[in-house]
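Please look over the sequence and the model before reading on.

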Amino acid sequence: MNPFEPLKKSFETYFEQAFPALAPQITGLEESVRYSLMAGGKRLRPILLLAVIKAAGKPTGPAMPFAAAVEFIHTYSLIHDDLPCMDDDDLRRGKPTNHKVYGEDIALLAGDSLLSEAFVLLSDPKRTEDYTPATLLKVVHCLSLKAGNQGMVAGQAADIKADQSTGDLELLEYIHHHKTGQLITAALEIGGLLAGLPEDKLGHLVLFGHRLGQCFQIQDDILDLTGDEAQIGKPVGSDQRNKKLTYPSLSGLEASKKLAEQAYHQAVTHLEASGLKTDELKPLADFILKRDH
Ligand code: GRG
């Protein structure tokens, strides 16, 4: 069993009740949101957040709403990414994508609903009473920047306009640092803020996040070429078909594997420099490098 499995289990228990019951007029929206929330994600970002808290010797219970908020934002991004106006995918995690089941209109709103609800969780006085207003403000600032125009939204916008024939490594790194790396980094940084870590440790955590995000994304590109469809839950080769700018399309498969390992080693160096306990965080980095889904 992975050392981080107990954290995942306790998160799942909290997460089942994190999204509120909606008004009877919009039960269709609630069903659509719950469909994607419970579709079998790996929960990497919430586990990373909770693992930082644990590594700092703090209780993980009060941090659950924050871990859930990050997973809400991740889930919204996947629902929107699958829409016909973006990647136009029919399958996600081995199941029909949200818009295939509930229609494009409701899928769009399910994403919007999750983005808003994430900030409801972060600002709910009943769920956040263990933390000071100053800490909560830093957390909200971090998540809104890294989910938005200095993070995921920026990366997605650059990705949509990127062209395999003219794109270069600099553009690819911009896309992935923003689209994938920033939400992973936000999860770690929020964990650090809630645990009250000093600036120098937070700095190393952020750099750990950047490298981990890079490793995660290179591995994602590799899996799209060499993965097993049943494991990854969607057809392989879609990046190639859509002429996406990826690490293998720019550097080849073998060089991409080396780059993933390099990013992993840099990540671990920053983790060790942070001085945090590595019992769960190091196996999480190992999992990201070696994952098959
Ligand atoms: C729509 C603003 C907006 C952004 C979308 C996340 C994203 C940005 C696009 C998804 C496309 C993609 C496959 C990106 C690669 C990295 C990534 C986020 C993979 C999925 O994350 P996992 O593997 O997913 O953690 P699970 O299913 O385990 O939750």
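What follows describes the surroundings of the ligand and then a few individual residues.

## Basis of the report

This is a predicted model, in which local features need pLDDT of at least 70 and side-chain atom pairs count only at pLDDT 80 or more, while totals for chains, interfaces and linings use all residues. Residues are numbered from 1 along each chain as its sequence is written, and side-chain values use heavy atoms, with hydrogens and water left out.

## The ligand and its contacts

The shell around the ligand holds 18 residues, of which Lys 42, Arg 45, His 74, Ser 77 and Arg 93 come nearest; a residue counts as near if one of its heavy atoms lies within 4 Å of the molecule. Taken alone, the ligand exposes 700 Å², and the protein buries 93% of that, with areas taken from the Shrake-Rupley method with a 1.4 Å probe.

The ligand sits in the largest pocket. A pocket here is an open set of points on a 1 Å grid over the protein atoms alone, where a 1.4 Å probe fits and protein lies on both sides within 12 Å along at least five of seven lines, and a molecule sits in it if more than half of its atoms lie within 2 Å of its grid points.

## What the shell is made of

Helix H4 (64-82), helix H8 (152-161), helix H9 (169-194) and helix H10 (199-226) each supply at least two residues of the shell, and the largest share, 5 residues, comes from H4. Helices are DSSP runs (H or I, at least four residues), as are strands (E, at least two), and both are numbered from the N terminus.

By type, the shell divides into 4 nonpolar, 7 polar and 7 charged residues. In this scheme Asp, Glu, Lys and Arg are charged, Ala, Val, Leu, Ile, Met, Phe, Trp, Tyr, Cys and Pro are nonpolar, and the others, Gly among them, are polar.

## Two buried residues

Thr 185 has its place in helix H9, and a polar atom of its side chain lies 2.7 Å from the backbone oxygen of Gly 181. Thr 185 is buried because its relative accessible area is 0%, where buried means under 20%, exposed over 50% and partly exposed in between.

Gly 151 lies in the loop between helix H7 (133-147) and H8, and with 0% relative accessibility Gly 151 also counts as buried. The C-alpha atoms of Gly 151 and Lys 179 are separated by 6.1 Å, although the two residues are 28 apart along the chain.

## Loop residues with some exposure

Thr 278 is found in the loop between helix H14 (253-274) and helix H15 (281-290), and its 28% relative accessibility makes Thr 278 partly exposed. From C-alpha to C-alpha, Thr 278 is 9.9 Å from Ala 56, a residue 222 positions away in sequence.

Most residues other than glycine have a negative phi. Asp 88, in the loop between H4 and strand E1 (91-92), has a positive phi near 55 degrees and is partly exposed at 42% relative accessible area. Lys 243, in the loop between helix H12 (238-241) and helix H13 (247-251), has a positive phi near 55 degrees, and Lys 243 counts as exposed because its relative accessibility is 56%.

Definitions and conventions: On a 1 Å grid over the protein atoms alone, a cavity is a set of points where a 1.4 Å probe fits but cannot get out, and a pocket is an open set with protein on both sides within 12 Å along at least five of seven lines; lining residues have an atom within 4 Å of a point. Buried means under 20% relative accessible area, exposed over 50%, partly exposed in between (1.4 Å probe, protein chains only). A polar contact is a pair of N or O atoms within 3.5 Å; within protein, one must be able to donate a hydrogen and the other to accept it, and residues adjacent in sequence count only if both atoms are side-chain atoms.
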